[in-house]
Amino acid sequence: MLLDPVRLSIVALLAGAEWAEFGFVRDAAKLSDSTLSKRVSQLSDAGYVEVRKGYVGKRPRTWLKLSPPGRTRLTAHIAALQHIATQAATQPSPQ
């Protein structure tokens, strides 16, 4: 799931916030509304992200949150990437 760079960037952005407004995530990840919406649906279906809808005044808003299982999976993914990078750095280069 997190091999996709767009999904990884969304989850990484959400890791630093309790709840993040859809527009903030869209702008920070430099995505279109439709791309973010599709990826959030995928992440939500997989249990990585929670979605809350509501209103601020009369304007509809959507907030996103990294779920506890999503946080666990992100931590594991980062650890795996770090392991790969460490192994690559310690292997001798081919001559």
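No aromatic pairs occur in the structure, a pair being two rings of Phe, Tyr or Trp (its six-membered ring) with centres within 6.5 Å. The structure is a predicted model, in which local features need pLDDT of at least 70 and side-chain atom pairs count only at pLDDT 80 or more, whereas totals for chains, interfaces and linings use all residues. Residues are numbered from 1 along each chain as its sequence is written, and side-chain values use heavy atoms, with hydrogens and water left out.

Arg52 lies over the face of Trp19, 4.3 Å from the ring centre. The charged end of Arg52 also sits over the ring of Trp63, at 5.4 Å from its centre. The criterion is NZ of Lys or CZ of Arg within 6 Å of the ring centre and within 35 degrees of the ring normal.

Strand 2 (residues 49-56) runs antiparallel to strand 3 and is joined to it by eight bridges; Val49 has Leu66 as its bridge partner in strand 3. These two strands form a hairpin with two residues between them, and Gly57 in the turn has a positive phi of about 65°. Strand 1 (residues 20-21) pairs with strand 3 in the antiparallel sense over two bridges, with Trp63 of strand 3 as the bridge partner of Glu21. Pairing requires at least two DSSP bridges between two strands. Strands (E, at least two residues) and helices (H or I, at least four) are DSSP runs numbered from the N terminus.

In helix 4, Gly70, Leu74 and His77 are buried, that is, under 20% relative accessible area with a 1.4 Å probe and protein chains only. Their cover includes helix 1 (5-15) and strand 3 (59-66).

Terms used
Buried means under 20% relative accessible area, exposed over 50%, partly exposed in between (1.4 Å probe, protein chains only). Contact means heavy atoms within 4.5 Å. Rings of Phe, Tyr and Trp (its six-membered ring) pair if their centres lie within 6.5 Å; planes under 30 degrees apart count as stacked, over 60 as edge-to-face and the rest as tilted.
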